[in-house]
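Here's a quick briefing to read alongside the model. Have the sequence and the 3D view open as you go.

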Amino acid sequence: MQVLSKEFVQSVFLKTETRGRGNAEIPGTFEIDTPDGTCLSRETTRIYPDYLISEERIRERCMCELTLVPGIGPRRAYEYRRKGVVNLTDLRHTCRRESAFEIADVIENGNPGDIFRIFQDAHRGNDPLLLGFSHALPKEDLLYFDIETLGMFQSPIILFGCGVWKGNELTVTQYLLRDIEDEPAALYLTGQAFRKHAHVVTYNGKGFDVPYLNNRLSYYGERTVCPDLHFDLLYPTRRLYGADIPDCCLGTVEKFVLHTPRSNDLPGYLVPAYYQNYLRTRDPSILTPIMKHNELDVANLALLLRTECETIYG
């Protein structure tokens with residue numbers, strides 16, 4: 001997740017150069033060709049134990065959410081439960097029977113996208129319960145996504161991080177700009193990843209990463225992306241842990257929730273300054289901590305998503 005920095009220097013060096021565009025001094029990277037040019041890429045893998053939730057179990061839990069029915073808030077739902085109303089179909093003898101049965105039908109028979117829309121209509125589109133679908137649907141359909149930018153809106157994206165499952169291995173593929181002119185190639189490859197994977201997992205991606213990506217795609221006249229389901233972990237994290245931790249920055253969550261604090265990690269707000277320094281000096285070693293920071297952002301999304309699903313569903 002990129003954090004916009006107040007320290008960003010307006011006179012950023014955006015002049016592109018072909019001098020020194022090799023990748024020999026950036027460990028693990030290789031040049032990749034696209035119809036829109038070239039950029040650098042790097043792949044890393046991590047193994048995570050398998051974890052599944054049955055779709056039936058998720059639907060059963062959703063059926064108990066009485067507040068999905070218009071006119072039923074938390075207080076009224078509490079009163080209904082005191083009278084023995086457990087799920088939506090138990091409202092058959094009330095004035096809300098028709099609405100309750102329509103919603104119940106969608107939850108029982110609709111696809112996950114339909115259920116997401118039911119929650120959105122009830123202003124609960126970021127409900128942690130919906131995270132369960134991320135482990136009920138084929139995990140190969142998930143794309144874990146995070147970007148790094150130059151710190152100002154409409155500035156180029158300098159690094160794209162995309163994580164996908166291959167069995168129990170999460171492969172994090174990064175597309176790095178050696179110069180600003182590499183951005184179309186990296187955008188092309190990222191767009192391909194979004195088209196291959198139906199659903200996206202991010203941290204503040206609804207408010208930042210995906211809109212920013214679409215802004216850059218539009219800038220070059222390319223087709224924007226629209227995932228079928230978007231699991232943005234920022235909002236469920238606030239609901240689940242916000243009262244017990246200092247803040248909900250990803251680094252804080254990793255320390256207090258995942259118990260995996262980062263050591264010697266480049267803070268996200270310094271990424272723009274580091275990249276500007278690279279453009280000035282052409283020292284490729286400056287890019288290594290940027291890539292490591294982004295890699296951890298993407299890889300830890302998978303760990304956080306699983307942890308939150310275990311918190312909700314056991």
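Is Arg262 buried, partly exposed or exposed? At 22% relative accessibility, Arg262 counts as partly exposed, where buried means under 20% relative accessible area, exposed means over 50% and partly exposed is in between (1.4 Å probe, protein chains only).

Keep in mind that this is a predicted model: local features need pLDDT of at least 70, side-chain atom pairs count only at pLDDT 80 or more, and totals for chains, interfaces and linings use all residues. Residues are numbered from 1 along each chain as its sequence is written, and side-chain values use heavy atoms, with hydrogens and water left out.

**Overall build**

- The protein chain has 10 helices and seven strands; these are DSSP runs numbered from the N terminus, with helices (H or I) of at least four residues and strands (E) of at least two.
- Along its principal axes, the C-alpha trace of the protein chain spans about 75 × 40 × 40 Å.
- Of the 314 residues in the protein chain, 54% are buried.

**Salt bridges**

- The count comes to 18 salt bridges, each being a side-chain nitrogen of Lys or Arg within 4 Å of a carboxyl oxygen of Asp or Glu.
- One of them pairs Arg178 with Glu31, with the closest N and O atoms 2.6 Å apart. That pair links distant parts of the chain, 147 residues apart: Arg178 is in the loop between strand S5 (169-176) and helix H5 (183-196), while Glu31 is in strand S1 (residues 29-34).
- Arg178 is buried at a relative accessible area of 1%, whereas Glu31 is partly exposed at 43%.
- Arg178 also forms a salt bridge with Asp182 (3.1 Å, N to O), and Asp182 is buried at 2% relative accessibility.
- Back to Arg262: its side chain meets that of Asp265 in a salt bridge (3.2 Å, N to O), and Asp265 is partly exposed at 24%.
- Elsewhere, salt bridges that share partners join Arg42, Arg46, Lys292 and Glu295 into one network.

**Negative patch**

- Glu98, Glu102, Asp105 and Glu108 form a negative surface patch. Patch residues have over 30% relative accessible area and no salt bridge; like charges are joined within 9 Å, and nonpolar side chains (Val, Leu, Ile, Met, Phe, Trp, Tyr) within 5 Å.
- Glu98 sits in helix H3 (residues 97-109) and is exposed at 59% relative accessibility.

**Loops and backbone**

- Most residues other than glycine have a negative phi. His259 has a positive phi of about 55 degrees although it is not a glycine.
- His259 is in the loop between helix H8 (250-256) and helix H9 (271-281), and His259 is exposed, with a relative accessible area of 61%.
- Arg282 also isn't a glycine, and its phi is positive, near 60 degrees. Arg282 is in the loop between H9 and helix H10 (287-313) and counts as buried at 12%.
- Pro128 is in the loop between helix H4 (112-121) and strand S3 (142-149), where Pro128 is buried at 6% relative accessibility.
- The C-alpha atoms of Pro128 and Thr237 are separated by 8.1 Å, with the two residues 109 residues apart along the chain.

Technical notes:
Areas by Shrake-Rupley, 256 points an atom, 1.4 Å probe, with all protein chains shown as cover. Lys, Arg positive; Asp, Glu negative; His and termini not counted. Charge placed at Lys NZ, Arg CZ, Asp CG, Glu CD.
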